[in-house]
Each structure stands twice: as structure tokens, then as C-alpha cells.
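Hi,

Here is the structure for you to look over. My notes on what was found follow below it.

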Number of protein chains: 2
Amino acid sequence: MNVIRNILYSRSHKDGNFFGAIQSIIGFKPKAISHYNRAFIHRSLNKKDTLGNDLNYERLEFLGDAMLSSIIAAYLYNEVPSGDEGYLTKMRSKVVSRKHLNELGKDLGLITFVETNVPKDHFGQNIHGNLFEALVGAIYLDRGYKYCEKFIQKRVIDPYVDIEQLEGRIISYKSLLIEWCQKKKHKFKYEVYEDTGKDELKHFAVKLWIDQKVIAKARATSKKKAEEKASKRAYYAFQKKMSKE
Amino acid sequence: MNVIRNILYSRSHKDGNFFGAIQSIIGFKPKAISHYNRAFIHRSLNKKDTLGNDLNYERLEFLGDAMLSSIIAAYLYNEVPSGDEGYLTKMRSKVVSRKHLNELGKDLGLITFVETNVPKDHFGQNIHGNLFEALVGAIYLDRGYKYCEKFIQKRVIDPYVDIEQLEGRIISYKSLLIEWCQKKKHKFKYEVYEDTGKDELKHFAVKLWIDQKVIAKARATSKKKAEEKASKRAYYAFQKKMSKE
């Protein structure tokens, strides 16, 4: 167990790559890396700071959750001027749902950085969301609210938050597009192609062909998400056309 | 009913004093007064903006609540390094409790600014807290997160947030002090004196005498609060002494 931990630990913290990996995930340079170190210390290590206080990521979760909630609240407030208080509350709870946060943390591969005495496969799904919240908390302490906003915009809002989808008006752009192609007898194809991006994270790149033309391209952390993103782009490109037919 | 409303309305918005009153409450100049106007429009007026969206303070409540939560979260995180996630959550919910927010809004006299079609004495207690939240939301939109923090620090944290009291370790500094004076046979007296402050809000000033000496002074929006504040100051002054006896 400790062997596994030590291998992972050496891969992340000890060889100096941790700084670079965090920078790549958050999109800017950390000032005080210690905040990010703390964001990946699991309670099982039973670490204490010099004053004897627990040193793990649980307090950072609390902080990150609060920042996330207020940033998403402000985003929704501005984005949906017609939504009343009840609507805004409901939408926010969808964005910051446990399931969604777990997805976010998982896609960023945060678990690879965890220092723990528990084998990582013993953790449930919630560790991903907890680490994501802790990371947001660390960003707040390190760089302040503005940088939290930047990070949330880049990693939560841009790739995931789609008001129409959240409202359940559109469940999947891919199925919407396929349905339309079938109805209109258009040939379509999703093609995974070579991704030359240099991100730390593995990305999938997808081209969407309709009638021998590339209509949209997209990159994401899973093939499914890249397809959905490409479909969404194609959907907006076609929207006028589709609404007329 | 409308007469009352119009009198209050003219006292606040129409004669230009609204700007000054808001400035005095928030402690800095509003940039766009329209945000603050909105923070006092009750839904009973059924106002709409140019796009047909509801124009009242309810959406601002949502926004202000979110800002308040994250600012208090950060404050507690920094202030209580020994508190775990559960502790921090519990403490925050005490600070931002409905009861507490109602007190805050009431002390600032926010209800005097409300534009409404409902007689003001028909409102329950919650209107005070709702207006307080809406005001925080307006500050966020007008001046951003930093100014929200300033306002919360000045109007919530400095005058009201006392970790020891929140934890229930000390319910009232006044009773603590009285008990000690009685036990130690000290004579004490709380004296309300002339308050020369120029605040918009009425303040009470209290001197705490112990054995013919003024030990502490304090000002607050009620006599009870001023006494508590003076007692707290005296308590900290006497703390060493009391712990030895």
C-alpha cells in the first residue's frame, strides 16, 4: 500500500512536476505552492501543522465549495436575467451537484496527486469532487477571488455549463443532431483524429462530418464529451436552418 | 396606503438623499445607484425592466446570500485554523442565520427605503434580512467582490461576529462581568451618555463604570448592544486578572 502511495507521491510532489501539473490544470502560476500541497493531503496521513492543527484538504473543501457557489451564482445572475430566485437556486444546485463536481475532479485527474495511506481504489466517487473543491479553496488562498473566477470560468462554465441543457430543454446535442440527420437523410460521421495538443491531460479530438464536409471539430477529456461538443457547435451552426425546416 | 408609501418614497429616493443614505450605510460611494434602487423594489409594485423581466430585489437576494456565504466562509477559515469542516459550516450558519440577517437589516433601517404597494407593517421580520441580502447583491454588482468584503467586514464581522460567543462558550459578556463584579464585591454601573456621532443611524453610547472608574465605552445601534460591547471590552481588559482570581 505504501509502495503504491510512494510511487504516486514521487510522480507528483517530489520530482518538481507537481508545480507544473498544477499550473497546467489551473491555467496560471501558483504563488505559494503550499496551498496546493495541502489540497491533496488526505486525512489518513494524520498530518498536523506546527500548531497541532489537522493538515489535510477538508477545510479547503469548505472554502472551495463556498467560492464555487458564489461564482456560479454571479454567473447565473448575469446570464439568465429572466430567472427568478427559485430558478437560479435550482440551476446552481445542478451545476455544483456532487455528481457534477465528481466528474470535474475526475476529468482533471486530481486523484493522481493525492497523498494518502488508504489505497486509492478504496475511495468512492466523492473523492474527485472533494479534491476539486479543495483545489478551488487553494486557488482562493493563493491568488484570491479573481483567479478563482478565472479557473471556474475555464474549467466549469466554458466546458460544462449550458443553460439549455441544465434546464433539460436539450439533453444531448448529439442525439438532437443525429435525429435531424436521419430525418433529413444526411450522412454523418464522428471521427476521432490525432490530437497534437500539449496538455497534461489526455484529450480526445473529434471531427463531425455531415455529407462529406467537416461541420465542426471539438476537443475534450473524453470521446463522448468531444462528440457532444462538436454536435453542439454543429447544432448552433445549423440552428437557423433546423428551425426553418 | 399609497400616501404612506409616497411619503417614504419621497424621503428616500426622490429627494436625492437616497444616494447619501446608501453611501452612509455601505461606507463608500455607489457607482451605479440603479443597483441600489433595485435592491429596495418590492415585488408588489410589479415593475418590469425594458425586456419584460421582473424588476425587484428578489434576484439580488440570491446573489447577496451567495456573496455573504463565501465571505463569511473565508473569514472563518482564516480566523479559526483549528476548526474542521463541520465546525466551520456550523459557525457560518449561525452568522448568516435568518434571525441574524433580520437583525442586521433592521439595525440599518433598510425598510425605510423600500418601495412597496403593501403597507410596511404588514411585512414579517424576514423583510429585514431579505433587504440586507439584496443590498449585498447590489454592492457586488456595483463595486465587485472586494467592496462586498469591506461592507461585510464593517457591518457584519466587526460589530457582530464573536467566535467565542458563536461557540456558545460565552453567551453574554454583560452577565459574565456582572457575575464577576458581584462575586468580587465591585460596584458597577452602565451609563448612557450623549452621543455626538453624526451617523445616519441612531446610536447609543454607554460607559461602563467599575468602582468609580470608567473601564470601557461603546457605541451601538441599541442600548443592549452597546452595553454588551462595553462589557466585552472590559472583559478583555480584565481577562488576565479574572483568570488569576
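**Cysteines and the A/B interface**

The disulfide count over all chains is 0. Bear in mind that this is a predicted model.

Now the interface. Chain A puts 29 residues into the contact, and chain B puts in 30. Together the two chains bury about 2,600 Å². Carbon and sulfur atoms carry 60% of that area. On the chain B side, the most area is lost to chain A by B:Arg59, B:Phe62 and B:Tyr77. Those three together make up 34% of what the chain B side buries.

What about polar links across the interface? The rule finds 0 salt bridges between chain B and chain A. There are 9 residue pairs in polar contact between them, both residues at pLDDT 80 or more.

Which helices of chain B supply at least two residues each to the side that touches chain A? They are H4 (58-79), H5 (85-95), H7 (126-143) and H8 (145-160). H4(B) gives the largest share, 15 residues. By type, the chain B side that touches chain A splits into 14 nonpolar, 9 charged and 7 polar residues.

Best wishes

Definitions and conventions:
Residues numbered from 1 in each chain as written. Chains lettered and ligands numbered in written order. Predicted model: local features only at pLDDT ≥ 70, side-chain atom pairs only at ≥ 80, totals over all residues. Heavy atoms only, no water. Disulfide = S-S within 2.5 Å. Contact = heavy atoms within 4.5 Å. Buried area = accessible area lost by both parts, 1.4 Å probe. Salt bridge = Lys/Arg side-chain N within 4 Å of Asp/Glu carboxyl O. Polar contact = N/O pair within 3.5 Å; in protein donor to acceptor, adjacent residues only side chain to side chain. Helix = DSSP H or I, 4+ residues; strand = E, 2+ residues; numbered from the N terminus. Nonpolar A, V, L, I, M, F, W, Y, C, P; charged D, E, K, R; others polar.
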